[in-house]
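Some words used for protein structures rest on a rule.

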Amino acid sequence: MSFIESALIVAMALSAPLIFAATGELVAERAGVLNLSIEGMMLLGAAAGFRAAVDTGNIYVAVIAGAIGGGLLSLIHAFLCISLRANQIVSGLTLVLLGAGLASFVGHDYAGVPLELKVDAVAIPGLSMIPFVGPVLFNQDLFVYAAVPLVIGVTYLLFRTRLGQWIRSSGEAPAAADAAGVPVTWVRYAATLFGGLLAGVAGTYFSVVFARAWTDNLTAGRGWIALALVIFASWRPLMLLPAALFFGFIDSLNFQLQASGVKVSADILGMMPYVLTLVVLVVVWGRQQRKHRGMPRALGVPYEREARA
Amino acid sequence: MNIPLRFERRTPGTGVAERVRHALVRVLAIFAGLVVGAILVEASGNSWYEAFSAMLTGSVGTVDSIEATLLRATPLILTGLAVSLALRMQLWNIGGEGQLLIGATAAGAVGFALPDAPAAILVPCMMLAACVGGALWAQIAAVPKARIGLNEIIVTLFLNYVALRLVSWLVFGPWKDAGAIGFAYSRPMPDQSRTGSVLGTGVTVGIFVAIVVVLMAGWVFNRTSWGFTVDITGGNQRAAAYLGFSAKKHVLLVFAVSGAIAGLAGCLQLLGPTGRLQPDLASGYGYAGILVAFLAGRSLGGVVVGGVLFAALTQGGFALQATGVPSALATVIQALVILFVLVGTAASAYRLRWVRTTQLHGTPGPLPVEKVVA
């Protein structure tokens, strides 16, 4: 197996949780709620999911537990920011620390515990036999496969359904949406919760399927990369796929180069996802005209019916 | 049925009543954070009483632990100050962690370059280098913010990860301590650079440096016209533009000041507790500084109080190891305190009014007679 091939296989696995978390965040931001706590929600989801996976040995229970972990944290954010109109940045950042701290609690007795449950790759008959393309694209686990329909489904939801229109209008012009009968508060709650559930699933994938272990701070900043992906994607779900694959690939190079014994410092390689994200972010943001960036106009702004415009 | 209670928006007040409310919200938030923390400890199958007495003893119970808490408060006060000052211009400096590390790295470079310089020259040079290092590192976020409006939260945050890897690379590579294979720290700093303790106590000079910096910042930001300009620009960029203030220039300057202060925290870590460059030099002080700044609001005195308080919580957290409660309890309580401050601030914007409705004889419906309770 060539170096690039094995790097790409790991890249697919690493980009799946990024796609899950970023898709959830994208929907929340489209509804006008900036939730910075992805890292915290992923960590709590990872700890809860891992614990459930060890205790029950059932991947579905693990995913549900992880989703609940992320979802609960997102509901705190929703309550503070939507109902109490608290500052979304303060709430999000604080919830990162709360999520990381609670995850330590949940996973405390599970650090170093071996996981018996194994999520196998599912080879798609025929297609997986194609050289190079087969192992990379068609011999992955179900989560990786699920990422594509998820993104397509969310695109359909956002741009082709009534609910999608509600979500987008709540993020662009909540007062106008409210006047037109859109239940802005509930739409924002639902979108934030959706983001939390997906971040929790992303965390579960990371602990149960990818790392197969729990340690404190397991996700190591990938939640923040998911946040940056939403900006790269200009708030368009389909664009998340190439963006996430790119970062999954850079991330995987670290694993691959270490394994292949090339004399490259792990620290310099570990820096790369962040340095490259920054460079791309500056270039993308600098080149795009404001109107093409696609940032929801009411992003981060609490909606208050009584407030004067 | 009519519930005779009504919420209504409080008109924003100023002066003593507002300050009392501000302080009261924080005291109640700390209490609520501790209560929920206690519930969490019980839920994890441990005794809250044991955990909390271990934390109390470990943070302020003995002379040693008080010294340790003050040592921990030093970087927290400075990183809290760094975040708080940036917030005056509505800038979110989430990069205290990285600026602290880069400040320590710059100070360390000076330390290695001038191994024989007397302390009176070496220490000021190291502090200056740390400030410059932190300020320049912060500019990586400030320049895109000022020029193309790129969100500074993500940039400062990513720079933390870059700085951490940079320090890790240095201590395992060029600055490796040959005598300590596999340990994550650099060669030691020159002996004369290590700050001693004050008057025979275990309290190092660092905490006093931190308080002097807070006082200086208070003077610059509250008493000079530049500080006023920053406030105006932060409050309303368009109004500031009409007055001829350049928001871009101030973004760069405020980020430089903020980064320099966080960088200085790194230098003090190097001069005081560690004596070597090491990746765990920051160990969350940058992030905890954000919480300290939220807790303090605009008050710089609040930064000192908040810094000491959160240092005590963190120091107490380490004492938990023996009781079987994860030391992350300290982080959880800190985060809960801030969440309760958010709840309390939102709630105190409203007041509860008792609306007494009395059925008057002969009138067709209830006629409300209102009486303000709160």
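Q: How many salt bridges are counted between chain A and chain B?
A: The count between these two chains is one salt bridge. The model is a predicted one.

Q: Why is the pair R165(B) and D267(A) called a salt bridge?
A: The rule asks for a side-chain nitrogen of Lys or Arg within 4 Å of a carboxyl oxygen of Asp or Glu. In R165(B) and D267(A), the closest N and O atoms are 3.5 Å apart. That value is within 4 Å, so the pair is called a salt bridge. Side chains of opposite charge can pair when their charged atoms come close.

Q: What makes R21(B) and E18(B) a salt bridge?
A: Their side chains meet with an N to O distance of 2.9 Å. The cut-off is 4 Å, and therefore the pair qualifies. Over all chains, the structure holds seven salt bridges.

Q: Why are R21(B) and E18(B) separated by about one helical turn?
A: Because they lie three residues apart in helix α1 of chain B.

Q: What is the area buried between chain A and chain B?
A: About 3600 Å² is buried, and carbon and sulfur atoms give 84% of this. L97(A), F105(A) and D267(A) supply 18% of the area that chain A buries against chain B, more than any other three residues. The contact takes 44 residues from chain A and 41 residues from chain B. The size of an interface is often given as the accessible area lost when the parts come together.

Q: What makes the space of about 60 Å³ a cavity?
A: A cavity is a set of points where a 1.4 Å probe fits but cannot get out. The largest cavity holds about 60 Å³ of space. Of the ten residues lining it, the closest to its centre are T74(B), T204(B), G206(B), L268(B) and P273(B). The largest share of the lining, five residues, comes from α10(B). The lining residues divide into four nonpolar, six polar and no charged. A search of the whole structure finds one cavity of 30 Å³ or more.

Q: What is the volume of the second largest pocket, and which residues are closest to its centre?
A: The volume is about 1600 Å³. Of the 49 lining residues, the closest to the centre are H22(B), R26(B), G297(B), V341(B) and T345(B). The largest share of this lining, nine residues, comes from α1(B). By class, the lining has 24 nonpolar, 15 polar and ten charged residues.

Q: Where is T323(B), and which residues is it in contact with?
A: T323(B) sits in the loop between α12 and α13 of chain B. Leaving aside neighbours within four places in sequence, T323(B) is in contact with N46(B), E50(B) and A54(B). T323(B) and S47(B) are 276 residues apart along the chain, while their C-alpha atoms are separated by 8.7 Å.

Methods:
Residues numbered from 1 in each chain as written. Chains lettered and ligands numbered in written order. Predicted model: local features only at pLDDT ≥ 70, side-chain atom pairs only at ≥ 80, totals over all residues. Heavy atoms only, no water. 1 Å grid on protein atoms, 1.4 Å probe; cavity = no way out; pocket = protein on both sides within 12 Å on 5 of 7 lines; lining within 4 Å. Points joined across faces, edges and corners; volume = space filled by probe spheres on them. Helix = DSSP H or I, 4+ residues; strand = E, 2+ residues; numbered from the N terminus. Nonpolar A, V, L, I, M, F, W, Y, C, P; charged D, E, K, R; others polar. Contact = heavy atoms within 4.5 Å. Buried area = accessible area lost by both parts, 1.4 Å probe.
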